[in-house]
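These are my notebook entries on a structure that I am reading for the first time. I record what I looked up, entry by entry.

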Amino acid sequence: MIFDCAALGGPCSCGREHQIMTRKAIIEPGCIRNFEEYLGAEGFTGRRAVVYDTNTKGLVPPLRADREIVLDARGLRTTVEHGETLLKQLNGMEVLVAVGSGTVMDICRYCAWKLEIPLVVCATVASMDGFCANVLSILVDGQKKSLTAIAPSLVIADLDIIRSAPLRLSVAGVCDILAKYTSLADWRIARLVSGEYYCEKIADLAQQAAEEVLASCEGLLTGDLEAFEKMTYAQMLSGAAMQLIGNSRPASGAEHLVAHLLEMQPPGFPEDHLMHGEAVGIGTILTARKYHRLASMTPKAKAFVPLDEQTVRQQFGPLADGILDENRNDVLATFDPQRIVDHWEEIRAIIATIPSEAQYTDLYRRLGAPVSLTDAGLDDSRWEEIFTMSAAVRNRLTLNRMCRVLDFA
């Protein structure tokens, strides 16, 4: 299929006019063989750098390049330092091509943003939902930050290559997309209690992505081509939703903050060995567990109190300054906590749309995905402590964060 991303832009019933930079995503078997044709049709004819890593080099037929760069995949992470190192090799380039997904794409996204040149992505796996996004999730001084950066102008996703990748990579993509049930719940709850901007069209795209993936899970286990097409399309839909709003709100809620916490590795946390989607999957299970428990209770509002600096320094160690700065203008201070209590029945109804912990766990076990903090090298008995701690990672209104102004006693 050819996903006409550009058609999603324009005036919306939400009152905004949505902009989208990605022109199209080609999701077909063998489409990499038409690489030059696709780039020519979109007018990308300038001096071209093609960036691989040592894992993706050789996965696609040789691509014409004025400058070819192969990054060492060992220890490669999406950090400002890695982005700046690559940037030094791109002088005089007019088009940047990223061959890979996740880390390779995000490092190239950083460089294309800095250089203000078009980015083309050749996806080798469908392991995450950032292909059509303009949001860059990157480590800055050890802290996970989301920056509004550049979106790929064109995505080429050859299903023959994607289907031949290790299943673990595709399953990570499934986990990233099925997190939309919890992230959308957080967004809808935030709209209720704080009046945060919300767009039904964008939310529907993220919801559709989750439903497409849910329908494709069994087919992935048997290598069904249509299932891989649906899953890859869902990745593009979710990314497009983020690009239309200009941030990660439709695709990232409390579950992603758990993943970011694991990736940041504060003191007492082991070295991160999970893929991003796998960490998100664990975060989604914890979020479903917590939210369904909260729905069985009735809270009272309590006064807002800023995060305690001493506690933050104990929990985050050398990362504490960044966490304190992130939370300096705490979103919890912008509305009356009583509004949460007043809307509690509606919040319960929103939580009811989230699959249960058991449903997530059973599905992820069938797919071979991690399902607990134990799989991340942590004691699962710490789940409430870690879930609460994760809310400080980003100053975003989630139900998890709202617990600071609620009393469930």
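Before the first entry I note that axes are lines fitted to C-alpha atoms, for helices over the stretch in contact, and angles run from 0 to 180 degrees between N-to-C directions. Helices (H or I, at least four residues) and strands (E, at least two) are DSSP runs, numbered from the N terminus. The model is predicted: local features need pLDDT of at least 70, side-chain atom pairs count only at pLDDT 80 or more, and totals for chains, interfaces and linings use all residues. Residues are numbered from 1 along each chain as its sequence is written, and side-chain values use heavy atoms, with hydrogens and water left out.

Entry one: a helix pair. I looked up helix 5 (residues 167–178) and helix 8 (residues 225–245), which pack at about 45° with axes 10 Å apart. I find Ser170, Gly173, Val174 and Ile177 of helix 5 in contact (heavy atoms within 4.5 Å) with Phe228, Met231, Ala234, Gln235 and Ser238 of helix 8.

Entry two: a loop residue. I located Phe269 in the loop between helix 9 (254–264) and helix 10 (276–295). Is Phe269 buried or exposed? Phe269 is buried, at a relative accessible area of 11% (buried means under 20%, exposed over 50%, partly exposed in between, with a 1.4 Å probe and protein chains only). Not counting residues up to four places away in sequence, Phe269 touches Leu261, Leu262, Leu378, Arg382, Ile386 and Met389.
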